[in-house]
Amino acid sequence: MENDFSCNKVPDQNNPDKEFWESRWDKKETGWDIGFVSPAIEKYILQHQNKESKILIPGCGNAYEAEFLWNLGFRNITVLDIAPSAVEILKEKFKDKKGVSVICGNFFEHQGKYDLMIEQTFFCAIAPSLRNKYAEKASELLNENGRIIGVMFNRTFEKVGPPFGGSIAEYQLIFEKYFEIEKMEECYNSIQPRKGSEIFINLKKIQNENKHGQF
Ligand SMILES: C[S@@+](CC[C@H](N)C(=O)[O-])C[C@H]1O[C@@H](n2cnc3c(N)ncnc32)[C@H](O)[C@@H]1O
């Protein structure tokens, strides 16, 4: 089999990559999908007045948030996922919805400028070793005064692979380098299966001149 260059790489659970996620989508193993917008995110969106805001939803999966935003009149929405099978579904779903850009790509390589980034079970999907990079990249993608809002897990998980858990103390250390932590607190309106294990975050990008340690 000298000339057989086929690759039967077993996806690394601790470092989930494009192949890992594509395989999950392909096998329809999408147990994370709650089927609607998280109540905490819905509540934030409902009070977000500026319909011109440029909004990014990375690791968006079925992107229920984008549908919700679109129905409210937001027209500057970008949904991004690394798994081609997920993106196929999204392309079909948003084909008649002008104002929703569907991109197949890696968040860490994505280029653009946004006012708001929505976090829903994407941070917990990336390897913990990439968390500092996530915060740095999010800050790079946001305009001045830009924000990340959303929900994150406030618990650990026994199982190998995603979701990767964490705690407020750990997240504070990661995000405070790039963001003012306006909210990082227990989420009071989580869906039942996630009650008591989620936090709501509202993080405002630190203006360049305010970055800690800069002269
Ligand atoms: C746990 S799922 C969450 C999906 C959706 N946010 C939800 O809550 O239903 C994580 C998603 O992130 C995508 N993903 C993982 N790594 C990514 C990356 N580096 N860039 C973009 N998308 C990524 C996966 O394909 C998957 O759809």
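A molecule is said to sit in a pocket if more than half of its atoms lie within 2 Å of the grid points of that pocket. The close-up views below are taken from a predicted model.

**Figure 1. The ligand in the largest pocket.** By this criterion, the ligand of the predicted model sits in the largest pocket. Around the ligand are 18 residues, of which G59, D81, F107, Q120 and T121 come nearest. By class, this shell comprises 10 nonpolar, 6 polar and 2 charged residues.

**Figure 2. Polar atoms facing the ligand nitrogens.** Q120 places a polar backbone atom 2.7 Å from a nitrogen atom of the ligand. For G59, a backbone N or O atom lies 2.8 Å from a nitrogen atom of the ligand. N106 takes part through its side chain, in which an N or O atom is 2.9 Å from a ligand nitrogen atom. On its own the ligand has 590 Å² of accessible area, and the protein covers 95% of this area. Q120 and G59 are also among the residues that come nearest to the ligand.

**Figure 3. The lining of the largest pocket.** The pocket that holds the ligand has a volume of about 770 Å³. Its lining consists of 44 residues, and those closest to the pocket centre are W21, W32, T121, F122 and A125. Two or more lining residues come from each of helix 1 (18-26), helix 3 (64-71) and strand 2 (77-81). Helix 1 provides the largest share, with 4 residues. The lining divides by class into 24 nonpolar, 11 polar and 9 charged residues. T121 is named both among the residues closest to the centre of this pocket and among those nearest to the ligand.

**Figure 4. The second largest pocket.** This pocket has a volume of about 230 Å³. Its lining is formed by A40, K43, Y44, Q47, K183, E185, E186, C187, Y188, N189, F200 and N202. Helix 2 (39-46), strand 6 (179-186) and strand 7 (198-205) each give two or more residues to this lining. The class composition is 5 nonpolar, 3 polar and 4 charged residues.

**Figure 5. The cavity.** The model contains 1 cavity of 30 Å³ or more. The space within the largest cavity amounts to about 30 Å³. E119, T121, F123, C124, V151, M152, F153 and Y171 form its lining. Strand 5 (residues 142-153) contributes the largest share of these residues, namely 3. The lining has 6 nonpolar, 1 polar and 1 charged residues. T121, which belongs to this lining, is also one of the residues that come nearest to the ligand.

**Figure 6. The cis peptide bond at P163.** Most residues other than glycine have a negative phi, and most peptide bonds are trans. The peptide bond from P162 to P163, by contrast, is cis, with omega near 5°. P163 is placed in the loop between strand 5 and helix 6 (168-175). Strand 5 is the element that gives the largest share of the lining of the largest cavity.

**Figure 7. The positive phi of A63.** Although A63 is not a glycine, its phi is positive, at about 50°. A63 is found in the loop between strand 1 (55-58) and helix 3. Helix 3 is among the elements that give two or more residues to the lining of the largest pocket.

How values were computed: Residues numbered from 1 in each chain as written. Predicted model: local features only at pLDDT ≥ 70, side-chain atom pairs only at ≥ 80, totals over all residues. Heavy atoms only, no water. Near = heavy atom within 4 Å. Polar contact = N/O pair within 3.5 Å; in protein donor to acceptor, adjacent residues only side chain to side chain. Areas by Shrake-Rupley, 256 points an atom, 1.4 Å probe, with all protein chains shown as cover. 1 Å grid on protein atoms, 1.4 Å probe; cavity = no way out; pocket = protein on both sides within 12 Å on 5 of 7 lines; lining within 4 Å. Nonpolar A, V, L, I, M, F, W, Y, C, P; charged D, E, K, R; others polar. Points joined across faces, edges and corners; volume = space filled by probe spheres on them.
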